[in-house]
Amino acid sequence: MLGQWMAAEAWKNIPFVGLSATPWTKGLGKHYDDLIQVTTTAELIEAGYLSPFRVYAPSHPDLGGVRTVAGDYHEGDLSEAMNKPALVADVVTTWRQRGENRPTFVFAVDRAHANHLQGEFEKAGIGCGYIDAFTKPDEREAMFKRFSAGELRVIASVGCLTTGVDLDVRCIVLARPTRSEMLYVQIIGRGLRMPPPHPVFGVKDTCLVLDHSDTTLRLGFVTDIHHDALDDGRERQKSEARQKPEALPKECSACNFLKPAKTPKCPACGFKPERQSEIQCEDGELVEMTPVRKKANADEKAFVFGQLKAYARSKGHKPGWAANKFRERFDVWPNAYRNAPEIEPTAETLGWIKSRQIAFANRRKEPAYAAAAE
């Protein structure tokens, strides 16, 4: 529909500018020519236009039996995997421990899952609303007013609240695993906006993300997601356009905080894991072990002799040097490989030559040591 409207004769010579926080939307490259990246999520956070965020990974669902359909998880399989009493209870327990009573959006898999989550929050004495595609506009408006007034601390959602919602949200509970970068960024983005001071919570400092889905561990932080090109539907382009993060976040084993890669000390709790030795020591006697060399075949021997010939020529050694070294290594003369072509020595061959040179130098020193000892 968008393409038909833009291609109409009346707009033939009119340039179009599209604005999007998720410009990698499927097929957008069919309607627009170029992607202009004016800023990034990380830059907007640094400039104070978006909120910083902290991520915890309290639980790790088993998604081994969940199928993938059209690039994301199969909803039926996902609901079965996520709508389990232990996982739902952990969402509520973790929110009570870490949620700091913040205004919170909970993103669920389907209606049954969201209803289950709402019920558990209510049982724990936490005011929780529920919204899905069938929630009427007036009901939504009334719920949002209660949420903004602090009467409801939590809203459980199914397929809603990802776009077009302008509320002061300070905690995101991600209970819906996804492979979709776009959905993931939209969900987390609900908690990144910087609203005016809240009458109850004051000025927003950070957004707290409680990720019960392993999505952050799978896709990286939202600040890691970048695309250099619009999606025009080609499969190869999808993999080319995404700039993969150098390394994914790591979970702190002490507090479940997700820290950036290559950050040994946890920024949240200060824990720094120490390398544990896996060596077990027992009393005993040392026994000499003789290394067993794999017997080289004819091709391998020809390959080595070619390297020795090239090395001898580069160093100006006599013609017999390569043959003598070959015999030293394989206990036979290289008569069958005299026509082997010269080839640049590998690191392994160079290392072996150096070891022989060191051994020879040490042998030359031995008589002098013996004379000195006498």
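The tour goes from a pocket to the nonpolar cores and then to salt bridges.

The model is predicted, so local features need pLDDT of at least 70 and side-chain atom pairs count only at pLDDT 80 or more, while totals for chains, interfaces and linings use all residues. Residues are numbered from 1 along each chain as its sequence is written, and side-chain values use heavy atoms, with hydrogens and water left out.

**The largest pocket**

Select Leu-19, Ser-20, Ala-21, Thr-22 and Pro-23: of the 45 residues that line the largest pocket, these are the closest to its centre. The volume of this pocket is about 1300 Å³. A pocket here is an open set of points on a 1 Å grid over the protein atoms alone, where a 1.4 Å probe fits, with protein on both sides within 12 Å along at least five of seven lines; lining residues have an atom within 4 Å of a point. Grid points are joined across faces, edges and corners, and the volume is the space filled by probe spheres set on the points.

Next, colour α2 (41–46), α7 (181–189) and β9 (226–227), each of which supplies at least two residues of the lining. Helices (H or I, at least four residues) and strands (E, at least two) are DSSP runs, numbered from the N terminus. The largest share, three residues, comes from α7. By type, the lining divides into 24 nonpolar, 14 polar and seven charged residues. Ala, Val, Leu, Ile, Met, Phe, Trp, Tyr, Cys and Pro count as nonpolar, Asp, Glu, Lys and Arg as charged, and the others, Gly among them, as polar.

**The nonpolar cores**

Now select Phe-53, Phe-105, Ile-155, Leu-161, Ile-172 and Ile-188, which touch the most other members of the largest nonpolar core, a set of 33 residues. Such a core is a set of buried Ala, Val, Leu, Ile, Met, Phe, Trp, Tyr and Cys residues joined through side-chain atoms within 4.5 Å. Buried means under 20% relative accessible area, exposed over 50%, and partly exposed in between (1.4 Å probe, protein chains only).

Which element gives the most to this core? α7 does, with five residues.

Centre on Phe-105. Among the residues that Phe-105 touches, not counting those up to four places away in sequence, are Phe-147, Val-165, Val-173 and Arg-190; contact means heavy atoms within 4.5 Å. A second, separate core of 25 residues includes Tyr-130, Cys-171, Cys-252 and Cys-255.

**Salt bridges**

The whole structure has 14 salt bridges, each a side-chain nitrogen of Lys or Arg within 4 Å of a carboxyl oxygen of Asp or Glu.

Select Arg-176 and Asp-72, whose closest N and O atoms are 3.9 Å apart. Arg-176 is buried at 13% relative accessible area, and Asp-72 is buried at 12%.

Move to Asp-205 and Arg-102, a salt bridge with closest N and O atoms 3.7 Å apart. Asp-205 is partly exposed at 48%, whereas Arg-102 is buried at 6%.

Finish at Glu-328 and Arg-356, where the closest N and O atoms of the salt bridge are 3.6 Å apart. Glu-328 is in helix α11 (residues 320–330) and Arg-356 in helix α12 (residues 347–373), so the pair ties together parts 28 residues apart in sequence.
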